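Subject: Structure for your review

Dear colleague,

Please find below the structure that I am handing over to you. My notes on its pocket and its nonpolar cores follow.

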Amino acid sequence: MNRVELIVLDFDGGPDLVACLESISLQSELPTRLVLFDNGSSIPLSDRMKDRSWPFETMIVREERNTGFTGGINRSMNAITTPYVGWINNDVVLDREWLTTLRAALDADDRLGAVQSIIRGSTAVDGAGIDISSGCFRQLGHGQTIGEFDTREAWGVSGTATMFRTDALRESAVSGFVLHPAFFAYYEDVEVSARLHKRGWKTAVVPLPLAS
């Protein structure tokens, strides 16, 4: 059985969400299960998905109000049972080899706590990990083309399309929360990267454009 479950958070997602889920269904290696978190959508996700089927188990968790990225991930993580878990934004389209490539990276290094892919925007790179070399937090490679930067310079990972070692997240949790409850939707990935490093876990970016 596969060793990866995925989490996708949604708030009134439309065609972008469908494209995201279709890209997951086309992965060369399918996840064990997809946890869809409905973050207080005006039309429940269960209603929007009732006529659709996917080639993997799907679990829908709903919150009646928007709890942000942090609240959605924290609640969804309670359902995760696999060694690895992927967090994917609902407007991301994954390359067919995304899951296989990131899982293989975690398999190859038992101290690697998180690995992300390069995220492509419509005309250039959107981000390739978190960079702190200038003294502030920014997305490495933002606005550049593939090959103009070194992914090894990334200090941490963003939550856009990232796979984590489940034990690493739970080991570094704050009062049982994987993401610090003081955050809502921004910089929570910076903070969790710092906690992973403090616990001795490594983070990495695969040098391939695997999501857009």
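Leaving aside neighbours within four places in sequence, which residues is Met-163 in contact with? In this predicted model, Met-163 is in contact with Val-4, Tyr-84, Val-85, Gly-86, Trp-98, Leu-99, Leu-102, Arg-103, Leu-106, Gly-113, Ala-114 and Val-115, its neighbours within four places being left out.

Met-163 belongs to the largest nonpolar core, which has 29 residues. Together with Ile-24, Ile-88 and Trp-98, Met-163 touches the most other members of that core. At least two residues of this core come from each of strand 1, helix 1 (15–25), strand 2 (33–39), strand 4, helix 4 (98–108), strand 5, strand 9 (161–165) and strand 10 (202–211). Another core, of 22 residues, lies apart from it and includes Met-77, Leu-169, Leu-179 and Leu-196.

Ser-76 is placed in helix 3. Ser-76 counts as buried because its relative accessibility is 0%. Beyond its neighbours within four places in sequence, Ser-76 is in contact with Ile-7, Leu-9, Val-35 and Phe-37.

Two or more lining residues are given by each of several elements, including strand 1 (4–10), helix 3 (68–77), strand 5 (112–120) and helix 6 (188–198). By class, the lining comprises 16 nonpolar, eleven polar and seven charged residues.

With kind regards

Key: Residues are numbered from 1 along each chain as its sequence is written. This is a predicted model: local features need pLDDT of at least 70, side-chain atom pairs count only at pLDDT 80 or more; totals for chains, interfaces and linings use all residues. Side-chain values use heavy atoms; hydrogens and water are left out. Helices (H or I, at least four residues) and strands (E, at least two) are DSSP runs, numbered from the N terminus. Ala, Val, Leu, Ile, Met, Phe, Trp, Tyr, Cys and Pro count as nonpolar, Asp, Glu, Lys and Arg as charged, and the others, Gly among them, as polar. A nonpolar core is a set of buried Ala, Val, Leu, Ile, Met, Phe, Trp, Tyr and Cys residues joined through side-chain atoms within 4.5 Å. Buried means under 20% relative accessible area, exposed over 50%, partly exposed in between (1.4 Å probe, protein chains only). Contact means heavy atoms within 4.5 Å.
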